[in-house]
Amino acid sequence: MSQLSGILQTILPFCYGFLLIGFAGVFFWHISNRVWLFPAVLLTLLLHILYIGAYTVTAGHCLLTNIYELFSL
């Protein structure tokens with residue numbers, strides 16, 4: 001489970017960057033083909049939920065239970 005947490009910790013920033021570029025395209029460049037954006041949001045959300053679950057199992061407690069973990073992100 002710790003390997004899954006590490007893999008997701010690596011993949012999620014790329015998903016966030018991809019969403020940032022997608023939303024920038026919608027708001028600034030007015031792209032017309034936006035059908036891929038909603039599935040990308042859902043995929044990122046599901047990966048994030050999976051990461052929180054994997055981290056909780058690995059660490060033995062919920063994510064961000066104290067201020068030191070918040071600042072370690």
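1. Helices here are DSSP runs of H or I with at least four residues, strands are runs of E with at least two, and both are numbered from the N terminus. On that basis T58 lies in helix 2, which covers residues 37–59, and T44 is found in helix 2 as well, while S5 lies in helix 1, covering residues 2–27.

2. Some notes on the basis of the model. This is a predicted model, in which local features need pLDDT of at least 70 and side-chain atom pairs count only at pLDDT 80 or more, whereas totals for chains, interfaces and linings use all residues. Residues are numbered from 1 along each chain as its sequence is written, and side-chain values use heavy atoms, with hydrogens and water left out.

3. The C-alpha trace spans about 45 × 25 × 15 Å along its principal axes.

4. Buried residues (under 20% relative accessible area, with exposed over 50% and partly exposed in between, using a 1.4 Å probe and protein chains only) make up 23% of the 73 residues in the chain. Among contacts (heavy atoms within 4.5 Å) between residues at least 6 apart in sequence, 48% join residues at least 24 apart.

5. S5 is buried, with a relative accessible area of 8%. Leaving aside neighbours within four places in sequence, S5 is in contact with Y51, A54, Y55 and T58.

6. T58, by comparison with the cut-offs above, is partly exposed, at a relative accessible area of 40%. Not counting residues up to four places away in sequence, T58 touches M1, S2 and S5. A polar atom of the T58 side chain lies 2.8 Å from the backbone oxygen of A54. T58 and L4 are 54 residues apart in sequence, and their C-alpha atoms are 9.6 Å apart in space.

7. T44 counts as buried, at 5% relative accessibility. The side chain of T44 reaches the backbone oxygen of A40 at 2.9 Å, and, with residues up to four places away in sequence not counted, T44 touches L12, C15, Y16 and L19.

Notes
Polar contact = N/O pair within 3.5 Å; in protein donor to acceptor, adjacent residues only side chain to side chain.
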